[in-house]
Amino acid sequence: MMGSNLKPLMHLSLLLLVLFSSSTESLRFELQSGHTKCISEDIKSNSMTVGKYHIVNHNEGQPLPDSHRVTVRVTSSFGNNYHYGDRVQNGQFAFSAVEAGDYMTCFWAVDHNPVTTLSVDFEWKTGVAAKDWSNVAKKGQVDVMELELKKLQDTVSSIHEEMFYLREREEEMQELNSTTNSRMFWLSLLSLFVCLSVAGMQLWHLKTFFEKKKLI
């Protein structure tokens, strides 16, 4: 009976983990030699992020040619470098984000003549998704249920941090809206003053003109 009661709880925990866990980017893209492709990810401060990439070998069993190499750089929105790979065929990075914002991973294919097209597999995980839960299970000697509870605990913490982050962003947007509305109000008053001044000058000019012509 206990096993049957635990299954719905496990299914619920897995569902919550899928719905609320932090983002995971996993994609394959084509890159021509001499060209650059950049991928961005919005990461909160103090969040863990890991990534790995490799050039796909379409001829299994054969080594990749020397032309199949990329230069990879990971930077923050403030221009700080977090990873650099020069003319590599694969690599990985892991760091804890110091500043919040958009982080950019740029791939530049080595220039080659004739032009070659590379296929790159790139996986990028942040937050709870960046944790290696298989190693957690091995090191902690935990069973499946305990592992799911640990995942849920970290997911709840991540959601809690995300809520505070969104609240801060909302306050920033409200302050920006308030400043914009204030500026628009003064700009409208200035525009109205300029329009009334121009209209007054036109009336004064017409009155002076008619008086000179002795029409009034």
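These are my notebook entries on what I looked up in this predicted model.

**Ground rules**

I number residues from 1 along each chain as its sequence is written, and I use heavy atoms for side-chain values, leaving out hydrogens and water. Since the model is predicted, local features need pLDDT of at least 70 and side-chain atom pairs count only at pLDDT 80 or more, while totals for chains, interfaces and linings use all residues.

**Entry 1: the chain as a whole**

I looked up the secondary structure and found three helices and eight strands in the protein chain. Helices (H or I, at least four residues) and strands (E, at least two) are DSSP runs, numbered from the N terminus. Along the sequence I read the pattern α-β-β-β-β-β-β-β-β-α-α.

Next I looked up burial. Buried means under 20% relative accessible area, exposed over 50%, and partly exposed in between (1.4 Å probe, protein chains only). Of the 216 residues in the protein chain, 28% are buried.

Then I looked up contacts, meaning heavy atoms within 4.5 Å. Among contacts in the protein chain with a separation of 6 or more, 74% come from residues 24 or more positions apart.

**Entry 2: the disulfide**

How many disulfides does a search of the whole structure find? The search finds one disulfide. A disulfide is a covalent bond between the sulfur atoms of two cysteines; here the cut-off is a pair of cysteine sulfur atoms within 2.5 Å. Cys 38 is joined to Cys 106, with S to S at 2.0 Å. The link of Cys 38 and Cys 106 is right-handed, with 110° about the S-S bond. Cys 38 is in strand E2 (residues 36-43) and Cys 106 is in strand E7, so the pair ties together parts 68 residues apart in sequence.

I checked accessibility for both ends. Cys 38 counts as partly exposed because its relative accessibility is 40%. Cys 106 also counts as partly exposed, at 22% relative accessibility.

**Entry 3: Thr 71**

I found Thr 71 in strand E4 (residues 70-75). Is Thr 71 buried or exposed? Thr 71 is buried, because its relative accessible area is 13%.

I then looked up its polar contacts. A polar contact is a pair of N or O atoms within 3.5 Å; within protein, one must be able to donate a hydrogen and the other to accept it, and residues adjacent in sequence count only if both atoms are side-chain atoms. The side chain of Thr 71 makes such a contact with the side chain of Asp 86, at 3.4 Å. The Thr 71 side chain also reaches the backbone nitrogen of Arg 87, at 3.3 Å. Not counting residues up to four places away in sequence, Thr 71 touches several residues, including Tyr 84, Cys 106 and Trp 108.

**Entry 4: aromatic rings**

I searched the whole structure for aromatic pairs and found eleven. Rings of Phe, Tyr and Trp (its six-membered ring) pair if their centres lie within 6.5 Å; planes under 30 degrees apart count as stacked, over 60 as edge-to-face and the rest as tilted. The ring centres of Phe 95 and Tyr 103 are 5.8 Å apart and the planes are at 35°, so I noted this pair as tilted. Phe 95 and Tyr 103 are both buried.

For Phe 107 and Phe 122 the centres are 5.2 Å apart and the planes are at 70°, so that pair is edge-to-face. This pair links distant parts of the chain: Phe 107 is in strand E7 (residues 101-109) and Phe 122 is in strand E8 (residues 117-126), 15 residues apart. I found Phe 107 and Phe 122 both buried.

One aromatic cluster includes Phe 29, Tyr 53, Phe 107 and Trp 124. Lys 37 lies over the face of Phe 29, 5.7 Å from the ring centre. A charge sits over a ring if NZ of Lys or CZ of Arg is within 6 Å of the ring centre and within 35 degrees of the ring normal.

**Entry 5: two loop residues**

I located Thr 116 in the loop between E7 and E8. Thr 116 counts as buried because its relative accessibility is 15%. Leaving aside neighbours within four places in sequence, Thr 116 is in contact with Leu 31, Gln 32, Ser 33 and Ser 67.

I located Ala 129 in the loop between E8 and helix H2 (133-140). Ala 129 counts as buried at 18% relative accessibility.
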